[in-house]
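Subject: Structure for you to look through

Dear colleague,

I am passing on a structure that I would like you to read alongside the notes below. Please keep the view open while you go through them, and find each residue as it is named.

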Amino acid sequence: MHIDGSKLKKVLLEKNYVAEEDLEAAEARARKGNVSLADTLLTSNVVTKDLLGQAIAELFKVSYADLNSREPSIEQARKIPEDSAREFRVVLFSDEEKQVVVATDTPDAEGLHEVLSELFPQKDVTVAYSLPEDIDRVFVHYRKPLATRFTKILEQQKRVAPEILDEIFSDALSYNASDIHFEPQQNEVAIRFRVDGVLQEAGRVSKEHYENILNRIKVMSGLRIDEHFTAQDGSLHYQKDDSAFDIRTSIVPTVEGEKAVLRILASYVKGLSLSDLGFLPEEQGVFEESAKKPFGMILVTGPTGSGKTTTLYALLKLLNKPGVNVTTIEDPVEYKMLGTNQIQVNPQTNLTFAKGLRSIVRQDPDIILVGEIRDEETAEIAVNAALTGHLLLSTFHANDAATAIPRLLDMGVEPFLLSSTLEIIVAQRLVRKLCDNCRHSIDVSQKDIKENYKGVAQFLTDKTITLYQGKGCDACGGTGYKGRTAIFELIRVTKEMQELILKNPSSTEVWHLAHTQGARSMFESGIEKVKSGMTTLEELERVAEAPAKK
């Protein structure tokens, strides 16, 4: 984000957006990390995204247009021709009978007002500021289908593989895809993006051209191009213009050819907070309270792709202060965070979680993040690190929060050590959020709930219940959903829970005690989001099971 740091600093201080000491700390981190002050303020959790947008808007002496709260439709966006939109970085924010508001991240661009006057000759035009990433997200409405662009590239007969990959990566970023799948079939290769946890086809290429594309992926990822019958894993860094991100590459042989899956890893953490992730206020309060203790262990559990690491990094943003030494060991490093020491697991150099964690403990850390507790050795070192004065955050594979305790005990962790160190266990799943653009309410009877949704009636007791659905529109690609949020299950380790852990309990016993102390299941957490219109009962039932009737 190319904004004059000294001018931004002046506005932030004059308007009391930021405390002077926080701003000075952010400036120091920006210099050290060689990144802009604006980006550092976001990654350090000093300001929210909206607050930063408002401050930059004041620099330009214009109003702020929040494209997140009111994203333009495809028809609205295309009222400004693509050439003009891209040249002046401008999108149509609102279009009234006599007035239009356009949003841009370059309000002072030369020639902007003349172009807008020609586009809207009979209307008053107001220019507002929006953040660059929000402008880029609206530009997706101008993109032609991948197949159309592939055809054009093939007709030009130039460097086919690099240009096709550029288009795929560009689209994946535009749609906020987490993974790119290349799936060989009998005559061609399907390209699919995972967006909001669901795969959707993006385009297809012939097997003839896929061979060159795959070889380029292998070269960029440091893999062997002459190996076709064994699995290979690697990573690559992609950069073009202002876009830069890291990718984890996995290639496996299938009967139709080599399948490649590319996991897009986030760059520096920006604007990430616990409330953004979907924590209800009381859940967030309990979680933050546990993290205020100087030592102990905080575990986040759930299946692969359920957002565990994201939750830990949101918490780490709260804890990452200038006077604190934060060290992480991960496989891979999914987020980069200024002011932390991040270690990448490397089996080739024998740098495992266990060996890395042993070294970290000797590095005088205050807070340690272990990407995942996978084995007995890592579990034992992690528990001992938490016992000896460190706050340790980690993820752990377990279906729910209650199962984590017996699983750790089965891994050989001593009950008295676990009861002394464990502070809180959080289990989570991701549900798709309803699209704000096409969401509408429906009234459902208690009878319908009982007939169509098993075990849900105990949570929705009114005679007529208001639920919400998405009709499907251009903004959400016709799915009715856009974005994801998490549902949580939290178990605090109280004095009674500590005593129970000493008795080597089952997961049923753990949950029974937690529930009597006020813990709420993931399904119950999700019901609150259903009632508020954030998601649907169908989506909740897809990821969580209703508990037995009380």
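This is a predicted model: local features need pLDDT of at least 70, side-chain atom pairs count only at pLDDT 80 or more; totals for chains, interfaces and linings use all residues.

Before anything else, a residue is called buried when its relative accessible area is under 20%, exposed when it is over 50%, and partly exposed in between, with a 1.4 Å probe and protein chains only. Residues are numbered from 1 along each chain as its sequence is written, and side-chain values use heavy atoms, with hydrogens and water left out.

I begin with backbone features in loops. Helices (H or I, at least four residues) and strands (E, at least two) are DSSP runs, numbered from the N terminus. D364, which sits in the loop between α15 and β14 (367-370), has a positive phi of about 55 degrees although it is not a glycine, and at 62% relative accessibility D364 counts as exposed. N350 also has a positive phi, near 65 degrees, and is likewise a residue other than glycine; N350 is placed in the loop between β13 and α15 (353-361) and is partly exposed, at 43%. In the loop between β12 (326-330) and β13 (341-344) you will find P332, and the peptide bond that leads from D331 to P332 is cis, with omega near -5 degrees.

Next come the salt bridges, each being a side-chain nitrogen of Lys or Arg within 4 Å of a carboxyl oxygen of Asp or Glu. Side chains of opposite charge can pair when their charged atoms come close. The search of the whole structure finds 27 salt bridges. In one of them, K9 and E27 meet with N to O at 3.1 Å; because K9 lies in helix α1 (residues 5-14) and E27 in helix α2, the pair ties together parts that are 18 residues apart in sequence. K9 is partly exposed at 25%, whereas E27 is buried at 18%. D105 and R89 form another salt bridge, their closest N and O atoms being 2.9 Å apart, and both D105 and R89 are buried. E183 forms a salt bridge with R192, where the closest N and O atoms are 2.9 Å apart; E183 is buried at 13%, and R192 is partly exposed at 26%. Finally, K49, E133, D134 and R137 are linked in a network of salt bridges.

Which residues are buried in helix α13 (residues 281-291)? They are E283, Q284, F287, S290 and A291. Seen down the axis of α13, these buried residues fall within an arc of 130 degrees (taken from the directions from the helix axis to the C-beta atoms), so they line one face of the helix. An α-helix has 3.6 residues a turn, so residues three or four places apart point the same way.

S221 and I405 are 184 residues apart in sequence and 38 Å apart in space, C-alpha to C-alpha.
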